[in-house]
Amino acid sequence: MKRILLMSALLLSGLSGASAQDATMSFFVTGTGLGKGANLGGLAGADAHCQSLAEAAGSTGKTWHAYLSTKDADAKDRIGKGPWVNAKGQKIADDVASLHSDANNINKETALDEKGNTINGRGDQPNKHDILTGSKPDGTRIADQTCGDWTLDGAEGVAMMGHHDRMGLDDSAAAKSWNSSHASRGGCSQEALKGTGGDGLFYCFAAN
């Protein structure tokens, strides 16, 4: 009887720990995109996708925002004050300033999806390391590189993207940038994004 009670207590303790870990998650890369290239339904649609994925993964009680800039908004101003941690409790950054400095902890091993899975990077098949941002390295907008403020999915438009794995064709700062590496080529469609190593994924942050 005591053995059964002990095992039950351990099981409950483990479940409690898992719930606590889910509750702390405040950053992830979308495990799946919307399938429409850079047409995310604007900021509202992107935020809703972040919220839906987080809640489906067991994270509740938070307001989630996509790390995306538009002609009227800077990504850095949409994500709260921090600190932020991933699904495994690993710290990403303490605050907005450290997030946009060399002190941040974004790389392939830490830029996990909402379920704690790694996202394919350079060298994987298929490569999905191009993450939509529409932003400069400091998190401010590049107004003409947001695919029509995230409403275009055809041959027109262009989107700035970062590399979640901090890897590119060379060792330049841009190639290693998590939020401002290069622009999309061939438009804003799903095919165009896949062509350079993307899948229409983006970063999500708990803003509260």
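The largest nonpolar core of this predicted model holds 24 residues, a nonpolar core being a set of buried Ala, Val, Leu, Ile, Met, Phe, Trp, Tyr and Cys residues joined through side-chain atoms within 4.5 Å. Buried here means under 20% relative accessible area (1.4 Å probe, protein chains only). Inside this core, the residues with the most contacts are Phe28, Trp64, Leu68, Leu132, Trp150 and Phe202. Two or more core residues come from each of α2 (42-56), β2 (64-66), α4 (147-150) and β8 (198-206), and α2 is the top contributor, with 5. A second, separate core runs to 17 residues, with Ala93, Leu99, Ala111 and Leu201 among them.

Setting aside neighbours within four places in sequence, Trp64 is in contact (heavy atoms within 4.5 Å) with Met25, Ser26, Phe27, Phe28, Asp47, Cys50, Gln51, Ala54, Ser59, Cys204, Phe205 and Ala206.

As for the chain overall, there are 5 helices and 8 strands, taken as DSSP runs (H or I, at least four residues, for helices; E, at least two, for strands) and numbered from the N terminus. Along the sequence they follow the pattern α-β-α-β-β-β-α-β-α-β-β-α-β. Of the 208 residues, 48% are buried. Among contacts between residues at least 6 apart in sequence, 68% join residues at least 24 apart.

Residues are numbered from 1 along each chain as its sequence is written, and side-chain values use heavy atoms, with hydrogens and water left out. Because the model is predicted, local features need pLDDT of at least 70 and side-chain atom pairs count only at pLDDT 80 or more, while totals for chains, interfaces and linings use all residues.

How values were computed
Buried < 20%, exposed > 50% of the residue type's maximum accessible area, 1.4 Å probe, protein only.
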